[in-house]
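Let's take a friendly look at a pocket and at one of the helices beside it. Have the sequence and the 3D view ready.

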Amino acid sequence: KVDELVKRIEDLLSNSDGACDIPDEVIKEIARCLVPDIIAFFETEEGNRQYEEWLKEEEAKEKVLETIK
């Protein structure tokens, strides 16, 4: 899971059109530095509460999109 999270952060930090001036190895290091704090946050009660709130919002958005189709 940690590797998946690192990869996701790398993807978010990378510029999809290739115009990013940040070297890949720096992006990887930034991602690896962020992962422990992200994991620690989501292991807290507040982190879990915020995650559950976010999930509910995403489910509501999905329902709206389904009604539009």
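Which helices each supply at least two residues of the lining of the largest pocket? They are α1 (2-13), α2 (24-42) and α3 (45-68). Helices here are DSSP runs (H or I, at least four residues), numbered from the N terminus.

A quick note first: this is a predicted model, where local features need pLDDT of at least 70 and side-chain atom pairs count only at 80 or more, while totals for chains, interfaces and linings use all residues. Residues are numbered from 1 along each chain as its sequence is written, and side-chain values use heavy atoms, leaving out hydrogens and water.

On a 1 Å grid over the protein atoms alone, a pocket is an open set of points where a 1.4 Å probe fits, with protein on both sides within 12 Å along at least five of seven lines; lining residues have an atom within 4 Å of a point. The volume, about 340 Å³ for the largest pocket, is the space filled by probe spheres set on the points. Among its lining residues are Lys 1, Phe 42 and Trp 54. α1 gives the most, with 4 residues.

| Class in the lining | Residues |
|---|---|
| Nonpolar | 7 residues |

Now for α1 itself. Val 6, Ile 9 and Glu 10 are buried (under 20% relative accessible area, with a 1.4 Å probe and protein chains only). Seen down the axis of α1, the buried residues fall within an arc of 105°, so they line one face of the helix. What covers them includes α2. On the other side of α1, Glu 4 and Leu 12 are exposed (over 50%).

Note on methods
Nonpolar A, V, L, I, M, F, W, Y, C, P; charged D, E, K, R; others polar. Arc of directions from axis to C-beta. Contact = heavy atoms within 4.5 Å.
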